[in-house]
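Please examine the sequence and the structure shown below.

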Amino acid sequence: MNGQQMEDQLNLYGQSFSSRLLLGTARYDSPSLLADAISAADPAMLTVSLRRQISGAKESGQAFWNLLRESQRTILPNTAGCFSAREAVKTACMARELFETNFIKLEVIGDELNLQPDPFGLVEAADELVKLGFHVLPYCTEDWVLCRRLIDAGCMVLMPWAAPIGTGQGPRNPRALRELRERAPQITLIVDAGIGLPSHACQVMEWGFDGVLLNTAVSRALEPVRMASAFATAIRGGRSAFLAGPMNVQELAVASTSQIGRPFTFDSPHSTGAAR
């Protein structure tokens, strides 16, 4: 890691990470494929659903847990599948005991059709979990009022969606996402859900978002390992572009070739004769 990379790290509740990619662990065709994707992505964290991924057979659950431990990655348990604040808080407390971490990706779903977060339950659960000492990363929409309520509850990180979970549509409301970034400059913002292509991830990183969480875009790709690597490269590229400071967009063309020192001067095609 060079000096610039060490200075530009993702900071989550006082813990620093060299990678700005967070990777989900669901829907891979095999444990070995997941392990290879983790290696290719080199993620800061791995997200794990206590309710959905650890509730299978004892043998398969133990194999999955062994894979996570062998990856030596920081685990970010989530409350996926919870439809009330009470349910989410209970799941988070169980996850803390199992994974021995205060990190929690908070999900409280309000609509089963598009898996949109319940803003009321989300704020209620976030407030309680912060008081219990959790490092809360709430999955939310780009709505500023909701995000402000979560910040007021003590959340130092927000995870707004780009589009509904698993759709791969990319940012459906770019203007609102960019406005959120502008209005919450001191808050760590990680785009979560709806990213489908490396170009989507690169774009939100160019806008100044701090990271991207991926799952379906990698696990359901034809070649998940290659896609994991492509996303890792795109996220690094987007971050570098943001730090470099993109040029201002111009309404009219601006010549990129200098006029100084041109050996010849050509008359305009509309010229009526030699200059007087």
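## Briefing on a predicted model

A search of the whole structure finds 0 disulfides, a disulfide being a pair of cysteine sulfur atoms within 2.5 Å. This is a predicted model, in which local features need pLDDT of at least 70 and side-chain atom pairs count only at pLDDT 80 or more, while totals for chains, interfaces and linings use all residues. Residues are numbered from 1 along each chain as its sequence is written, and side-chain values use heavy atoms, with hydrogens and water left out.

- Cys147 takes part in no disulfide, and the nearest cysteine sulfur, that of Cys140, lies 4.0 Å away.
- Cys147 is buried, with a relative accessible area of 0%; buried means under 20% relative accessible area, exposed means over 50%, and partly exposed lies in between (1.4 Å probe, protein chains only).
- Cys155 is likewise in no disulfide, the nearest cysteine sulfur being that of Cys140 at 8.6 Å.
- The relative accessible area of Cys155 is 2%, so this residue counts as buried.

**Salt bridges**

- Side chains of opposite charge can pair when their charged atoms come close.
- The whole structure holds 10 salt bridges, each being a side-chain nitrogen of Lys or Arg within 4 Å of a carboxyl oxygen of Asp or Glu.
- One of them joins Arg73 to Asp42, with the closest N and O atoms 2.6 Å apart.
- Arg73 lies in the loop between helix H4 (58-71) and strand E5 (74-78), and Asp42 in the loop between helix H2 (31-41) and strand E4 (45-49), so the pair ties together parts that are 31 residues apart in sequence.
- Helices (H or I, at least four residues) and strands (E, at least two) are DSSP runs, numbered from the N terminus.
- Arg73 is partly exposed at 24% relative accessibility, and Asp42 is partly exposed at 39%.
- Arg175 forms a salt bridge with Glu179, in which the closest N and O atoms are 3.3 Å apart.
- These two residues, Arg175 and Glu179, are 4 residues apart in helix H8 (residues 174-183), so about one helical turn separates them.
- Arg175 is exposed at 65% relative accessibility, whereas Glu179 is partly exposed at 39%.
- Glu223 and Arg226 also form a salt bridge, their closest N and O atoms being 3.6 Å apart.
- Glu223 is partly exposed, with a relative accessible area of 48%, while Arg226 is exposed at 59%.

**A buried charged residue**

- Where is Asp118 placed? Asp118 is in the loop between strand E8 (116-117) and helix H6 (119-131).
- Asp118 is buried yet has no salt bridge, and the nearest side chain of opposite charge, Arg149, is 13 Å away; here Lys and Arg count as positive and Asp and Glu as negative, with His and the chain ends not counted.
- The side chain of Asp118 reaches the backbone nitrogen of Phe120 at 3.1 Å.
- Not counting residues up to four places away in sequence, Asp118 touches Val108, Ile109 and Gly110, where contact means heavy atoms within 4.5 Å.

**The chain as a whole**

- The secondary structure of the protein chain comes to 11 helices and 12 strands.
- Of the 276 residues in the protein chain, 45% are buried.
- Among contacts in the protein chain between residues at least 6 apart in sequence, 65% join residues at least 24 apart.

Key: Polar contact = N/O pair within 3.5 Å; in protein donor to acceptor, adjacent residues only side chain to side chain.
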